[in-house]
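My entries follow the model below.

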Amino acid sequence: MKLYNTLSKRKEEFTPLEEGKVRMYVCGPTVYNFIHIGNARPMIVFDTVRRYFEYKGYDVNYVSNFTDVDDKIIKKAIEEGVTSDEISKRYIAECKKDMEGMNVKPATTHPLATEEISGMIEMISALIEKGYAYEKNGTVYFRTRKFSDYGKLSHKNLDDLRSGERSLLVTGEDEKEDPLDFVLWKPKKEGEPSWESPWSDGRPGWHIECSEMSKKYLGEQIDIHAGGEDLVFPHHENEIAQSEAANGKEFAKYWMHNAFLNIDNRKMSKSLGNFRTVREISEQFDLQVLRFFMLSAHYRSPLNFSADLMEASKSGLERIVNAADHLRFLMGNAKAEKMSDEEAAAYAKTEEYVKAFETAMEDDFNTADAVAAVFDLVKYSNTTSNEGSSKEYLEKLLALLTKLTDVLGLTVERKEEMLDAEIEKLIEERQAARKAKDFARADAIRDELLEKGIVLKDTREGVQWKRA
Ligand code: AMP
Ligand code: ZN
């Protein structure tokens, strides 16, 4: 299996640190709002990487954090007049709902930065002891120049960085020994969440969070560290410096980065007004369509989001689900139980599609080609199955189709989607039941809707509903 390593700028053969096991860390979102469709890209891409390793029989320990202490969270909390904790808890819960909709498996562990502060303090203390960090007025900085490998991931050299140093000088940080030094711990400002430390009441810098959480849940050395390409510098470069300086070992063997998602060929940003959350997309499309769309491109190529491409993804996915439906329909009516010799020979030919699928995935997770292999299998399934097929043959085809689509995280079960009109009709029936004081019936309707993902809210203006 080959994967592109940002560290060496080449595709490399994957060799695990420990036979049969993969230790993988993916930087998670900062939780101050609903996740946007850009954040969804690394989630879907690296979940697919994980699923492929599992398909190959690896035991994957997959860790992805939530950054739940950050300036943006604090700002949002002040705006709403609530605590930072309330903001981060709310958006972690919402993020998990979106992940479920996109069929992103929960990580083995989802650590929260705020619950790992003592480990971070220990790591910072170790860095100070080794001379890699120093304290000034309650702030602790990493001594970048002391780490001689600095720049090895982003392929930058210190002198180039130095010439751009003005941009590295942040207000209030002019006490640094060197403009390249970055923050490990900072004192609190009034009203900010803070923790006690040997240096000041304050909070950790963003980079140290991942170094510590990765170490705690995966050990000092891991196989794969991943995230979006914007994280290469400075976030991942700084993580390497901290972890390797503290532990004295190579941190991650392979560094994987997904390219960005743009909207209508422009960068997605709040100021351009083209910012889309996953939740908004879920109001128009099943999130499986979003997942299918993301996998239709290679993860290292920029991907452009547009309504047309989503429609095309919707029909692509439909083709696969239709083929599975067709097999299920034929299975219900099949006369013969066991495969004939001809069918056994026909089934043996599907090996070709499995091979094409695996070849694509093993070439740095080329999901676009893997999807093409699934389409070829769909075509083959449609043309070789009919009313005369045996149940066994149909079952085998369906099992194979399910197995491959499952690696991509796509489900071939048709989801029963309730139409707006059906929902409205049930709501009316519930209102009538309540009027007649038949509360058992009214509650039963509410539960039935909830099971289908429809949430009701009784307001003074009447009943409002939304898809959860
Ligand atoms: P953040 O919450 O900004 O730290 O982002 C969480 C993850 O989403 C990181 O891995 C980012 O690199 C990634 N990410 C953010 N925006 C985009 C985008 N437009 N396209 C692809 N990945 C993104
Ligand atoms: Zn990180």
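This is a predicted model: local features need pLDDT of at least 70, side-chain atom pairs count only at pLDDT 80 or more; totals for chains, interfaces and linings use all residues.

Which protein atoms are the donors of the zinc ion (ligand 2)? I listed Cys27 through SG, Cys210 through SG, His235 through NE2 and Glu239 through OE. These donors lie 2.1 to 2.7 Å from the zinc ion. I noted the sequence spacing of the donor residues as C-x182-C-x24-H-x3-E. Cys27 and Glu239 link distant parts of the chain, being 212 residues apart. Cys27 sits in the loop between β3 (21-26) and α1 (37-55), whereas Glu239 belongs to helix α7 (residues 232-247).

Why is the arrangement around the zinc ion (ligand 2) irregular? The 4 donor atoms subtend angles of 71 to 127°. A tetrahedral label needs all angles between 85 and 135 degrees, so the value of 71° rules that label out. For reference, I wrote down that the ideal angle for four tetrahedral donors is 109.5 degrees.

I took α1 next and looked up its packing on helix α12 (residues 351-362). Their axes are 11 Å apart and the angle is about 125°, which makes α1 oblique to α12. The crossing of this pair, α1 and α12, is left-handed. On the α1 side the contact is made by Thr48, Tyr52 and Tyr55. On the α12 side I noted Val354, Phe357, Glu358, Met361 and Glu362.

At what angle do helix α10 (residues 307-333) and helix α13 (residues 367-384) pack? I recorded about 35°, with the axes 10 Å apart. The crossing of α10 and α13 is left-handed. Gly316, Arg319, Ile320, Ala323 and Leu327 of α10 make the contact with Val374, Phe375, Val378, Ser381 and Asn382 of α13.

I placed Tyr217 in helix α6 (residues 206-218). Its relative accessible area is 26%, so Tyr217 is partly exposed. Leaving aside neighbours within four places in sequence, I found Tyr217 in contact with Asn61, Val63, Thr109, Pro111 and Glu116. I also looked up Tyr217 and Phe305, which are 88 residues apart in sequence and 35 Å apart in space, C-alpha to C-alpha.

Notes:
Residues are numbered from 1 along each chain as its sequence is written. Chains are lettered from A and ligands numbered from 1 in the order in which they are written. Side-chain values use heavy atoms; hydrogens and water are left out. Donors are N, O and S atoms within 2.8 Å of the metal (3.2 Å for Na, K and Ca); water is not among the atoms, so sites may look incomplete. Four donors count as tetrahedral if all angles lie between 85 and 135 degrees; four count as square planar and six as octahedral if opposite donors are over 155 degrees apart and all others between 65 and 115; anything else is irregular. Helices (H or I, at least four residues) and strands (E, at least two) are DSSP runs, numbered from the N terminus. Axes are lines fitted to C-alpha atoms, for helices over the stretch in contact, and angles run from 0 to 180 degrees between N-to-C directions. Angles under 35 degrees count as roughly parallel, over 145 as roughly antiparallel, 65 to 115 as roughly perpendicular and the rest as oblique. A crossing is left-handed if the near helix is turned anticlockwise from the far one by less than a right angle, and right-handed if clockwise. Contact means heavy atoms within 4.5 Å. Buried means under 20% relative accessible area, exposed over 50%, partly exposed in between (1.4 Å probe, protein chains only).
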